[in-house]
Amino acid sequence: MWFKESYFVTHPTEVQLFIYAGLLMSLWLAEGFVSNVSFNKKWKHSFTNVMFIVTALPVQLLMTIFLLLVSAWVMHHNWGLLNWLPFHHTFFVKYFIGFVLLDFFEYLYHVIMHKVKPLWKFHLIHHTDHQLDVSTTVREHPGETFCRMCFLILWVFLSGASFGVLLLRQTLQTITNITSHTQFRLTGASEKLIGWVFITPNIHHVHHHYQLPYTDCNYGDVLSIWDRLFGTFNKMESSETVFGLDTHMDEKACKSFQQILKFPFIKNNHHTLS
Ligand SMILES: [Zn+2]
Ligand SMILES: [Zn+2]
């Protein structure tokens with residue numbers, strides 16, 4: 001049966017989880033050692049963000065079943081953009097072109113979440129962290145987790161992405177997403193060189209600035225090329241960057257897990273300043 005192929009993905013999931021948890025925890029500890037904020041204070045801040053893992057996990061796990069079924073279906077029926085390309089059986093098309101296509105779709109997803117107002121109400125939760133650190137990576141409303149997985153299923157259906165390229169994407173995305181939220185910035189030549197192709201902490205921090213037009217720039221997920229291509233790339237000095245959202249300046253509310261969960265259902269979700 002074609003859908004049984006999905007079992008092959010369950011084992012690498014453990015490796016994914018190991019990378020995810022290991023990278024998150026080691027960077028969190030490293031941030032704590034270099035900053036002048038006490039571990040107690042840092043944990044209090046991070047705890048709110050960590051709570052979002054609890055709400056996202058059931059949605060993520062349930063939707064992953066559908067994602068794998070769709071991926072198995074497109075693989076079995078040779079369906080999707082990648083399968084209609086010449087040399088579609090080659091490693092280059094399957095993995096390289098496949099990864100680049102999925103990363104473009106992820107850029108598109110992020111733009112949609114900012115520009116479609118009902119969706120922005122859920123995505124803005126990620127932007128309401130006033131003290132960006134590595135724990136911000138997991139600050140995602142379960143409503144957004146649902147949207148993100150629905151879109152991912154759509155992207156897999158359109159592209160015909162196989163399990164292999166999905167795993168490659170997931171691994172690289174995990175590393176980029178976590179590192180782009182750390183307080184460790186790159187400097188000089190390394191920032192220029194890596195930032196030409198990949199999303200760095202410097203690039204993603206600009207996206208977390210509290211005011212437009214900076215919030216609506218640097219949408220990239222793994223690759224920064226899409227922002228450069230479509231004119232959404234922007235730079236800002238770290239000394240000028242203020243994390244948060246101009247519509248949600250109440251720091252106390254932005255620290256309360258229960259209150260944050262209600263944000264999408266409260267009016268005043270659009271930028272007032274620009
Ligand atoms: Zn965003
Ligand atoms: Zn972010």
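**View 1. C147 and C150 in the predicted model.** The sulfur of C147 lies 6.6 Å from the closest cysteine sulfur, that of C150, which is too far for a bond. A disulfide is taken as a pair of cysteine sulfur atoms within 2.5 Å. C150 is likewise in no disulfide, with the sulfur of C147 as its nearest cysteine sulfur. A search of the whole structure finds zero disulfides.

**View 2. Accessibility of the two cysteines.** C147 has 12% relative accessibility and counts as buried, whereas C150, at a relative accessible area of 31%, is partly exposed. Buried denotes under 20% relative accessible area, exposed over 50%, and partly exposed the range in between (1.4 Å probe, protein chains only).

**View 3. The cavity.** One cavity of 30 Å³ or more is found in a search of the whole structure. The largest cavity holds about 40 Å³ of space. On a 1 Å grid over the protein atoms alone, a cavity is a set of points where a 1.4 Å probe fits but cannot get out, and lining residues have an atom within 4 Å of a point.

**View 4. Lining of the largest cavity.** The lining is formed by H45, T128, D129, H130, Q131, R139, E251, C254 and K255. Helix α10 (residues 251-255) contributes three residues, the largest share; helices are DSSP runs (H or I, at least four residues) numbered from the N terminus.

**Notes.** Residues are numbered from 1 along each chain as its sequence is written. The model is predicted, and local features need pLDDT of at least 70, while side-chain atom pairs count only at pLDDT 80 or more.

How values were computed:
Chains lettered and ligands numbered in written order. Heavy atoms only, no water. 1 Å grid on protein atoms, 1.4 Å probe; cavity = no way out; pocket = protein on both sides within 12 Å on 5 of 7 lines; lining within 4 Å. Points joined across faces, edges and corners; volume = space filled by probe spheres on them. Helix = DSSP H or I, 4+ residues; strand = E, 2+ residues; numbered from the N terminus.
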